[in-house]
Amino acid sequence: VLWVVPTSTIKEQTLNALRTPGHPYRDALEENFNNRFRVLDISEFTQIRPQDLKSKTNIIVSTFAAYRVDVDNEEKRKVYAHHDYGWRRFLGVPSV
């Protein structure tokens, strides 16, 4: 799941809410996904393993700005960085 928010501040608030036990957002995820989910910041997406795709719902929180190309600021384009080493891990994982 890609959960996209408008600003970095809202992204941090959303991540905190989804990761905090007892928060209503977290409670809803626990109930609906039977505790089989993982919440990640967009910068952590390379931590997803093939077995995670089979065993749990992965929720990646990002901002709209992360997908805007800023030719003058490479740091803002990190979401487009190619992680060749990571994609090989997913070969053979059946699609849903």
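Start by selecting helices H1 and H2: H1 passes H2 in a right-handed crossing. A crossing is right-handed if the near helix is turned clockwise from the far one by less than a right angle, and left-handed if anticlockwise. Helices here are DSSP runs (H or I) of at least four residues, and strands (E) of at least two, numbered from the N terminus.

The model is predicted, with local features needing pLDDT of at least 70 and side-chain atom pairs pLDDT 80 or more, while totals for chains, interfaces and linings use all residues. Residues are numbered from 1 along each chain as its sequence is written, and side-chain values use heavy atoms, without hydrogens and water.

Next, show Ala 17, Leu 18 and Arg 19 of H1 with Tyr 25, Arg 26 and Leu 29 of H2; these residues make the contact (heavy atoms within 4.5 Å). By class, 4 are nonpolar, none polar and 2 charged.

Now select Asp 41, in strand S2 (residues 37-41). Is Asp 41 buried or exposed? Asp 41 counts as buried because its relative accessibility is 9% (buried is under 20%, exposed over 50%, partly exposed in between, with a 1.4 Å probe and protein chains only).

Then select Ser 43, whose backbone nitrogen lies 2.8 Å from a polar atom of the Asp 41 side chain.

Methods
Polar contact = N/O pair within 3.5 Å; in protein donor to acceptor, adjacent residues only side chain to side chain. Nonpolar A, V, L, I, M, F, W, Y, C, P; charged D, E, K, R; others polar.
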